[in-house]
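Subject: Structure handover

Hello,

Here is the structure I promised to pass on. My notes follow below it.

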Amino acid sequence: MRKQCALLLLTAVTGMLLSGGVRAASGDYLSPDLRARVEKLKADVAYLPTDTLSMTERSRVLWQWANAWALNGGELPVNLTQTVAAVTAYPELAGRLPGLIDDYLFEMTLLDETPDALGSLVADPGPFEARAWVTIRQTYTVGSRDIQTGGGFVVARHFMPNYGIWQAGDPEGDNFVSIESSNAEVSFTADSVPMTGMHGGFRGSRPALMFRLVTGTLSRGDTVTITYGDPRAGSRGFLMADFASDRMPLPLYLAFNDDEPFLTLPIQPIRITGTRFAGLAGFAPSIVAPEETFTVSVRGQDAAYNRAVDGHPALRILNGTDVLARLPASEEAISLVTLSLPEPGAYHLTVETRDGSVRGSVNPILVTADDRERIFWGDTHGHSGFAEGIGSPDQFMTWARDDARLDYVTHSEHDIWMDDHEWNVLRRNVNRYTEEGSFIAYLGYEWSVRNLRGGHHNVLFRTPAGRERIPAQFFPTLSRLYQGLRATADTEDVVIIPHAHQAGDYRQNDPELEPLVEIMSQHGNFEWFGRMYLSHGHQVGFIAASDNHISQPGYSAPRNSSLAQRGGLGAILAREKTTDAIFDGMKALKAYATTGDRIILDVTVNGTGMGQRGAFKEEREIRGRVIGTAPIESLTLFRNDEVLWEADYLTDTEPDTGDSGVFLLSFGSDAAPYNPGDNPRGWRHWRGTIEIENATLDAFEGMDFHNAFHQTLTPDPDRPNRFDFATLTRGDTSSIRLHLSGIRRTAAVTVDLEETRESGGAPPIYRAPQTVPAAALTLALRDLERGRLERTLPVDAYTDTVALRRRIDAGERDLSFEVADRSDRQGDYYFLRVRQANDAMAWSSPIWIGGFPKQ
């Protein structure tokens, strides 16, 4: 009976998703039935405003109406679909929702009855160079409805780009924004209004610039030009964001008067390119056979991971000192070269300019004659401007295929911001970009509710044909998501992956639908999240993803204080690069997670591989091999939730007799929530001064410093042994390498930490972000025990760490290990954590011995 009810519900909802998009014979974009309901809704709201009793029914008609409009090519008001989702998924907002629903009904009525009322908008399309001072004009032409005094234009700001903070008060200053009209009888004044959502403070309000009309009336045909970075009075211009995009948002809203709501004007496609060549990156398959031909992709990039606007100079690819290939200079940033390697072994190729001034690395390549599964790299979690992100779906796919050189990808937009037209675009893109054997795209979306109702989960489908999303708008709890997917799809064709940022409910798991758990993204490192699933008895594997929001999946730099580190990657083991083989690998838990480096990882227990369950045996042989992108710092083997074995390969444990050395100063913080079921702790910011006493500081460098806005190293020009620093951690460590000479017995590293405050999206429910007090530490080199010294810093329930280690001169990038264990317990599970010298990490999926999984 429950299954029948679920099918009836799904039939009704599928009807809601599809019924409005069929054009009636009369040419109306609404079907006759939906047109009748829309007209009744208009009359009802004109007679009686929406309240908490009527908002559910009205929001469902609004949902169908909006999707029909979108399917007909119309632009939807920002946040309309999210407001409909909030009616069922966010009941705590019930008091605010009726007014929002009526505002959107007003806007949809205007679009429906007088579509030319909003006029038209165009913008300078570019291209403009990233992080340059630019001047951009957006010109609005008034439509059929006049703009009266009190109305005007809100120059809203997308919450994600790091472009300049505009202002309208100082024409000579940076980021000056001006307004002018073809109608000489009108004038404006600069005002501010509170804005929330993606074009405001996101989770709270933020003042937005408004140009309010104070005299005159704007009528049909009048134009209004808003200039960002108006240089006419001496301004340098508008400082552009540091990342390339085909659709950089400069949102504008329109108010016809001071009594009606702000109305959405369409985001204009403004193109931003990268800057000059500054670096190199190479991508290759992780496993090939001897003499097998394969492709290496070489990418010229600027300092912010964008494609270099000037391409790349002449290059060469090397194996050690042997030149394997030479590439001519190219105006294109990406070049492809075909190679083969004759001898088995692990290869670490490099790519460099002919003069050696710029060098990059290629991911490790294992050449083996063994008949084994290959490693395929992908990103199952990323966003574009279809949700609260930036960029087009096409940029998302081309970046994944060409820039990140991924094997597979999922464009998993938030369902709360997605309409039916956008879902159709994602479906078409899967068919358009998938090329079996070369690049695999999967249709998917992110089911987005708060952790109190199940948390965020990415939903992937094996194939796109006939797939409909089970959205939060109508399935607002995790159990309903499971139920809805089971009722509409074969479980073999669905993969659900929860993530920790808006934490999935680790108490629940459908073993046929949810084989993997995302434990790392640009939001932080969340090993604790995967361990919570395991400790609750779920048989799940580990995967990482980017959660990138600027259409740059698989290979991107951090951009803000929430998405503050490089994105992760998911490694899937499969025999071939096909849609079915990789999807079957996900279903079979044949996966592992990395923080973005393509680390080769192989772990077995009694010959049973990652994600699998082996036969019970008391004696266990755990074997593995790690081929890193950098020297391997440590390996940690877990049995169940406890450390079974650990090896440190980087710390120099010998007694120090020299007067020089290399040291790693590492900062670390835990991210696991203190309260069960809560979201993780936010980013721990480290900021202050580091000074070397009784030794000479010859050089220093950050190991994982990819966030130019929150990770900085600034020398003190007057004190060469001192520098200022800033970094941040969330479930990981951030390290600075120190090169010291002239070390005396009293040498020490002093760290003065400023007061900071935790930050990050999806704030915890029970424990608010805390202020971290200032602290002063002295780490004396003579106090190092076996090459290591650690200090702890309590922050209420957490203990953060600052550690100093003497590092060996060179570390191993290719390590094998064997560990013997014995246990009489059925169902033990083992997994491996890898740390590298560059702070990159990897985690194997667990391996179970004996016992049986949940059914």
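Helix α3 (residues 55–71) packs against helix α7 (residues 420–433) at an angle of about 50 degrees, and their axes lie 7 Å apart. That angle makes α3 oblique to α7. Oblique is what remains once angles under 35 degrees count as roughly parallel, over 145 as roughly antiparallel and 65 to 115 as roughly perpendicular. Axes are lines fitted to C-alpha atoms, for helices over the stretch in contact, with angles from 0 to 180 degrees between N-to-C directions. On the α3 side, Asn 67, Ala 70 and Leu 71 meet Asp 420, His 421 and Asn 424 of α7. Contact means heavy atoms within 4.5 Å. The residues of this contact divide into two nonpolar, three polar and one charged. Here Ala, Val, Leu, Ile, Met, Phe, Trp, Tyr, Cys and Pro count as nonpolar, Asp, Glu, Lys and Arg as charged, and the others, Gly among them, as polar.

A word on provenance. This is a predicted model, where local features need pLDDT of at least 70, side-chain atom pairs count only at pLDDT 80 or more, and totals for chains, interfaces and linings use all residues. Residues are numbered from 1 along each chain as its sequence is written, and side-chain values use heavy atoms, with hydrogens and water left out. Helices (H or I, at least four residues) and strands (E, at least two) are DSSP runs, numbered from the N terminus.

Next, the strands. Two of them pair if DSSP finds at least two bridges between them. β17 (residues 315–319) and β18 (residues 322–327) are antiparallel, with five bridges. Asn 319 has Asp 322 in β18 as its bridge partner. Two residues sit between the strands of this hairpin, and Gly 320 takes a positive phi near 70 degrees.

β45 (residues 722–729) is mostly covered, with six of its eight residues buried. Buried means under 20% relative accessible area, exposed over 50%, partly exposed in between (1.4 Å probe, protein chains only). β42 (residues 684–693) runs antiparallel to β45, joined by eight bridges. Arg 684 is bridged to Thr 729. β44 (residues 712–715) also pairs with β45 in the antiparallel sense, over four bridges. Leu 713 is bridged to Phe 725 there. β44 and β45 form a hairpin with six residues between them.

Last, Ile 808. It lies in the loop between β52 (798–807) and β53 (814–822). At 23% relative accessibility, Ile 808 is partly exposed. Leaving aside residues up to four places away in sequence, Ile 808 touches Tyr 649, Leu 650, Thr 651 and Asp 652. Its C-alpha is 8.5 Å from that of Gly 661, 147 residues apart along the chain.

Best wishes
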